[in-house]
Every structure is written in C-alpha cells, then in structure tokens.
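Subject: Structure for you to look at, with notes

Dear colleague,

I am handing over the structure below, together with notes on what was found in it. Please read the notes with the coordinates open beside them.

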Amino acid sequence: MTTVGEFMTTRLVTMDGNDTLAAAAQEMRDSAIGDVVVTDGDNVVGIVTDRDITVRGVAEDRNPATTRLNEITSKDVVTVSQNDDAVAAADLMRTYAVRRLPVIEDGKLIGLVSMGDLAVEREPQSVLADISADDPNN
C-alpha cells in the first residue's frame, strides 16, 4: 500500500481567511504555486486556487484588493492523514470533486496532496503525471 505521506507536498503556503485575493495572487506568483491553504489560526478552512480567484473573484466582479479569501473559499474541507492509502485519497478527490487534499496530523497541517501528485505516483506514464512532474513555465 502506498500512503499519502510518501508523496505529499510539504512546501506549503498558508494565508489567513481575512487576507485579500490580491495578496493571495501575489503570493502565488512570488512562490510559483497555484494555490494557498486558507487557515483560521491552526485550523484549515479551505484552499484557494488561482482558478478560484479568477472564477469566484474577478469573473464575479469582486474587487481583488478588498475581497477576502474567506468570501470565496469552499467551506467543506476534505482532509486526509499521511498514513491514508493513496487510492483512498484519489477516491475522496473523485467523490468530492476536488483536486487537492490537505494532509492533517494531530490537528495540524503537514502537507498537501494533489491530483497531479497522485498521477505522478500511480500513473507515471500519464499525460497528467508528465505535466505535473515538469518544472513550472512561469
């Protein structure tokens, strides 16, 4: 059995739900990432992606300088443990139609597993794995 902890990402960027969309977009640009984990203290309350900022923010005519992350973050966060089976994590992604799962251990965020991570691990010859394993082009 391959576990989530064997291939999860531990290079995480977290932001408070009161931070703005503009601040999140700038952090994503500066860190060359496509998502930030939204927290309230130590609690994970969501994930905001570059797509969320575009679709739930800009396309809805929200001002990125004043709109807060907690205004566009999905409230129901599905999480996994580093000891969970990778196949079970993929099933959760499919069931809940999400592409990323925070990895929580003893109530603390320790990682993030994405659909791309699973593809690299489970189907290394797939197109998604190839794209996910490649260096960013931005």
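The notes begin with the basis of the values and then go through the fold, the sheet, the cores and the salt bridges.

This is a predicted model, in which local features need pLDDT of at least 70 and side-chain atom pairs count only at pLDDT 80 or more, while totals for chains, interfaces and linings use all residues. Residues are numbered from 1 along each chain as its sequence is written, and side-chain values use heavy atoms, with hydrogens and water left out.

Overall fold

The protein chain contains 5 helices and 5 strands, where helices (H or I, at least four residues) and strands (E, at least two) are DSSP runs numbered from the N terminus. Along the sequence these elements follow the pattern β-α-β-β-α-α-β-β-α-α. Of the 138 residues in the protein chain, 36% are buried; here buried means under 20% relative accessible area, exposed means over 50%, and partly exposed lies in between, with a 1.4 Å probe and protein chains only. Among contacts (heavy atoms within 4.5 Å) between residues at least 6 apart in sequence, 52% join residues at least 24 apart.

The sheet of E1, E2 and E3

An open sheet of 3 strands has the order E1-E2-E3 with mixed pairing, two strands being paired if DSSP finds at least two bridges between them. Strand E1 (14-16) and E3 stand at the edges with a single partner strand each, so one side of each is left without a neighbour in the sheet. On average, and with direction ignored, neighbouring strands of this sheet are turned by 40° against each other; axes are lines fitted to C-alpha atoms, for helices over the stretch in contact, and angles run from 0 to 180 degrees between N-to-C directions. The pairing of E1 with E2 is parallel and extends over 3 bridges, and Thr14 stands opposite Val37 in E2. Helix H1 (residues 21-31) lies across E1, E2 and E3, and runs at about 130° to E2.

Nonpolar cores

A nonpolar core is taken as a set of buried Ala, Val, Leu, Ile, Met, Phe, Trp, Tyr and Cys residues joined through side-chain atoms within 4.5 Å. The largest one has 12 residues, among them Val4, Phe7, Val80, Ala89, Met93, Leu101, Val103 and Val113. H3 and E4 each supply at least two residues of this core, and the largest share, 3 residues, comes from H3. Leaving aside its neighbours within four places in sequence, Val80 is in contact with residues including Val4, Ala89, Leu101, Val103 and Val113. A second, separate core of 11 residues includes Val13, Leu21, Val48 and Ile53.

Salt bridges

The structure holds 5 salt bridges, each defined as a side-chain nitrogen of Lys or Arg within 4 Å of a carboxyl oxygen of Asp or Glu. In one of them Asp35 meets Arg100, with the closest N and O atoms 2.8 Å apart. This pair links distant parts of the chain, since Asp35 is in strand E2 (residues 35-40) and Arg100 in strand E4 (residues 100-105), 65 residues apart. Asp35 counts as buried at 14% relative accessibility, whereas Arg100 counts as partly exposed at 24%. Both residues are touched by Thr49, which also touches Met28 and Gly34, not counting residues up to four places away in sequence; Thr49 is found in strand E3 and is buried, with a relative accessible area of 10%.

A salt bridge is also formed by Asp42 and Lys108, whose closest N and O atoms are 3.2 Å apart. Asp42 lies in the loop between E2 and strand E3 (43-49) and Lys108 in strand E5 (residues 108-114), so the pair ties together parts that are 66 residues apart in sequence. Asp42 counts as exposed at 54% relative accessibility, and Lys108 as partly exposed at 44%.

Within helix H3 (residues 86-96), Asp91 and Arg94 are 3 residues apart, about one turn of the helix, and their side chains meet in a salt bridge (2.7 Å, N to O). Asp91 counts as partly exposed at 35% relative accessibility, and Arg94 as exposed at 61%.

With best regards
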